Amino acid sequence: MEGGNSPSLQLQQLPLATAAVSVQPHTDSFSYKENLIGALLAIFGHLVSSIALNLQKYSHIRLAGSKDPRAYFRTKTWWSGFLLLVLGELGVFSSYAFAPLSLIVPLSAVSVVASAIIGIIFIKEKWKPKEFLRRYVLSFVGCGLAVVGTYLLVTFGPNSHEKMTAENITRHLVSWPFLLYMLVEIIVFCLLLYFYKERNANYIVIILLLVALLGSMTVVTVKAVAGMILVSIQGTLQLDSPIFYIMLVCMIATAIYQATFLAQASQLYDSAQISSIGYILSTTAAISAGATFYLDFMGEDVLHICMFALGCLIAFLGVFLITRNRKKAVPFEPYISMDAMPGMQNMHDKGIAVQPDLKASFSYGALENNDSMPEIYTPATLPIVQEQHGSKGVSAPPYRVLEHCKKE
């Protein structure tokens with residue numbers, strides 16, 4: 001009897017053992033190698049992308065400061081930056097196929113650190129040592145904190161791995177934690193969009209929250225697409241599944257709308273504020289999405305989770321200090337600001353163009369020619385023609401500036 005029951009007992013215990021292995025994937029040493037490969041690809045991609053963007057910016061500045069009539073896309077410097085940018089984005093895209101989503105997203109701080117270092121190295125102005133340290137001490141401290149935070153993220157990052165097959169992605173897509181997360185995100189997104197569009201609440205936090213919510217869905221779909229491509233390369237074809245194309249369309253759509261809101265934010269606020277606040281909000285939203293969709297922190301102990309959160313906070317502080325020290329660009333406004341005058345409309349009012357008005361002439365101001373107004377209050381045209389007394393044969397211009405004596 002005992003010999004006949006032993007095979008059945010072994011068969012009943014086999015699923016339990018496989019389930020225990022799947023709950024604790026961090027015990028496999030190969031998963032650490034995958035984490036390292038993904039982290040190195042992400043760091044390499046962000047570093048190369050930062051160099052590429054600075055090269056393209058340098059090409060624009062050099063053309064603007066010279067008499068070269070060529071367009072920017074006809075220069076070798078711009079095309080070198082473009083090719084490096086494509087290479088960097090491919091590196092970041094590939095990193096999502098190896099490492100968990102919650103580990104790859106915070107590593108975008110590398111691009112901020114690289115941009116700060118490149119900006120300090122290629123400074124053309126000559127600064128005194130005391131002034132240089134006073135100006136860039138926050139950048140040095142921020143770079144150090146960002147490096148420490150990145151090290152903690154790579155060391156204590158989530159270590160859960162699974163093959164991005166169509167079956168696994170579909171199972172995650174219809175799971176109740178992700179459906180609840182999507183419901184909350186859709187409600188918050190609609191409320192923010194209502195206040196932004198209907199109430200004209202053009203606050204930087206509202207715009208960047210819209211970007212962060214869209215970005216969380218972008219990175220979720222990017223990991224799905226990159227993982228399915230990697231599994232297909234390894235031998236199991238996944239590109240014939242409908243879920244692959246659904247994720248691909250969602251990735252493109254959310255990326256386009258995300259870029260649209262970023263462009264609107266860049267027109268209203270400084271790029272340093274957008275970099276720091278956008279990094280914090282986007283990273284937080286992406287980690288939340290990865291934790292609910294891919295269950296990145298499943299099976300992780302409390303120490304690893306706390307150290308990972310500490311690394312995120314240190315990286316956030318480093319990025320904030322780096323971007324806080326940047327120069328704020330003062331925009332040139334070719335009109336007289338009337339914000340200080342109560343009751344006066346200004347150029348930023350929705351649907352109302354006040355100044356400048358270039359309808360029929362080069363007259364300054366938006367006042368139209370009105371015959372009922374006294375001549376002394378009519379706007380002057382360019383060039384200003386002064387009335388000369390005694391010239392009867394010359395026809396008067398449409399607007400005149402009258403010379404009055406002290407008695408008048």
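Modeller: What follows is a set of questions and answers on a predicted model.

Colleague: Is S216 buried or exposed?

Modeller: S216 is found in helix α9, which covers residues 204–234. A residue counts as buried if its relative accessible area is under 20%. For S216 the computed value is 0%, and therefore S216 is buried.

Colleague: Which residue has its backbone oxygen 2.6 Å from a polar atom of the side chain of S216?

Modeller: A polar contact calls for a pair of N or O atoms within 3.5 Å. The side chain of S216 has a polar atom that lies 2.6 Å from a backbone oxygen, and that oxygen belongs to L213.

Colleague: How is α9 oriented to α11, whose residues are 271–293?

Modeller: The two helices, α9 and α11, have axes 8 Å apart and pack at an angle of about 40 degrees. Angles under 35 degrees would count as roughly parallel, and those from 65 to 115 as roughly perpendicular. The angle between α9 and α11 therefore makes their arrangement oblique.

Colleague: Which residues of α11 take part in the contact with α9?

Modeller: On the α9 side, the contact includes S216, and S216 itself is in contact with A285, A286 and A289, among others. The α11 side is made up of Q273, I274, I277, G278, L281, S282, A285, A286, A289 and F293.

Colleague: How is α9 oriented to helix α10, residues 242–268?

Modeller: Here the axes of α9 and α10 are 8 Å apart, and the angle is about 150 degrees. Since angles over 145 degrees fall into this class, α9 and α10 are roughly antiparallel.

Methods
Residues numbered from 1 in each chain as written. Predicted model: local features only at pLDDT ≥ 70, side-chain atom pairs only at ≥ 80, totals over all residues. Heavy atoms only, no water. Helix = DSSP H or I, 4+ residues; strand = E, 2+ residues; numbered from the N terminus. Buried < 20%, exposed > 50% of the residue type's maximum accessible area, 1.4 Å probe, protein only. Polar contact = N/O pair within 3.5 Å; in protein donor to acceptor, adjacent residues only side chain to side chain. Contact = heavy atoms within 4.5 Å. Axes fitted to C-alpha atoms, helices over the stretch in contact; angles between N-to-C directions. Lists of a residue's contacts leave out its neighbours within four places in sequence.
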